[in-house]
Amino acid sequence: MRLQLQTWQDIDTYLTRSRGIMIPVGSTEQHGPNGLIGTDALCPEVIAWRAAEQCGAVVGPTISVGMAQHHLAFSGSITLRPSTLIAVIRDYVVSLARHGFERFYFLNGHGGNIATVNAAFSEIYAEASLNPGLDRPHIRCKLDNWFGFDSIAEISAELFGDGEGSHATPSEISVTQAAYPESIRPSNLPPAPPRPRPFYDANDYRVIHPDGRIASDSAAASPAAGERLIAASAASVVTSYQAFLAEA
Ligand code: NI
């Protein structure tokens, strides 16, 4: 169930049976010539929705903009500063904690967010640790990456091999193709060349990765692959979320 499609009374009722919530977090950044700019937010969102149907969780509004400064030389990309994302996550969590939510499961779609999301969790815990008298539920936060489960690595390796690469991957583009078939962009691009060296700022990224992809065979994406990946990732999310809620 999606938080935004409930009433406040529905959430009061939900809180009598669960103190957990899933929150997708992603990015709004170029994904090469055939990948959608919303890919990193759309993937964890659709997977969280699927997982929530299976385990009865509520899914909060997606944090759709993340750490994407290195993509800003491509039109349409938007970034937050790390300090802004930390503040957004903190305010989501503290708002919902006021109502009684205690376990916050973030499903992430962008590797560049990981350090900052973990820093946000540290800020939230520091606030509680430094103010032990705070009248607030016992907050716990967990981060999983939709692409980080063993089942996803196995499917990606089977379907795409070395063509998976690391940005605008056929796996993530497949997930968006399954979820939004009307937005599929045909492509006969060759695989992107390997990464020649690490990139630094946005201009440097565009110099060494001129079409936006990093070592990915994005054209190998397909809706059928996306459906397999969504199903596998959602199953892993259900297991991980339920274990998180069951923690003593
Ligand atoms: Ni991505």
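How much space lies in the second largest pocket? About 170 Å³, in this predicted model.

**View 1. Lining of the second largest pocket.** The stretch from Ile124 to Ala128 contributes Ile124, Tyr125 and Ala128. Asn131, Pro132 and Leu134 also line this pocket. Arg136, Pro137, His138 and Ile139 complete the lining. By class, seven of these residues are nonpolar, two are polar and one is charged.

**View 2. Centre of the largest pocket.** The volume here is about 380 Å³. The lining comprises 25 residues. Gly111, Ser166, His167, Thr169 and Glu172 lie nearest the centre of the pocket.

**View 3. Helices and residue classes in the lining of the largest pocket.** Helix α5 spans residues 150-160, and helix α6 spans residues 170-179. Each supplies at least two lining residues. α5 gives the most, with three.

**View 4. Ile21 in strand β1.** The strand covers residues 20-25. Ile21 has 0% relative accessibility, so it counts as buried; the cut-off is under 20%.

**View 5. Ile21 and Leu85.** In sequence, 64 residues separate Ile21 from Leu85. In space, the C-alpha to C-alpha distance between Ile21 and Leu85 is 19 Å.

Definitions and conventions: Residues are numbered from 1 along each chain as its sequence is written. This is a predicted model: local features need pLDDT of at least 70, side-chain atom pairs count only at pLDDT 80 or more; totals for chains, interfaces and linings use all residues. Side-chain values use heavy atoms; hydrogens and water are left out. On a 1 Å grid over the protein atoms alone, a cavity is a set of points where a 1.4 Å probe fits but cannot get out, and a pocket is an open set with protein on both sides within 12 Å along at least five of seven lines; lining residues have an atom within 4 Å of a point. Grid points are joined across faces, edges and corners, and a volume is the space filled by probe spheres set on the points. Helices (H or I, at least four residues) and strands (E, at least two) are DSSP runs, numbered from the N terminus. Ala, Val, Leu, Ile, Met, Phe, Trp, Tyr, Cys and Pro count as nonpolar, Asp, Glu, Lys and Arg as charged, and the others, Gly among them, as polar. Buried means under 20% relative accessible area, exposed over 50%, partly exposed in between (1.4 Å probe, protein chains only).
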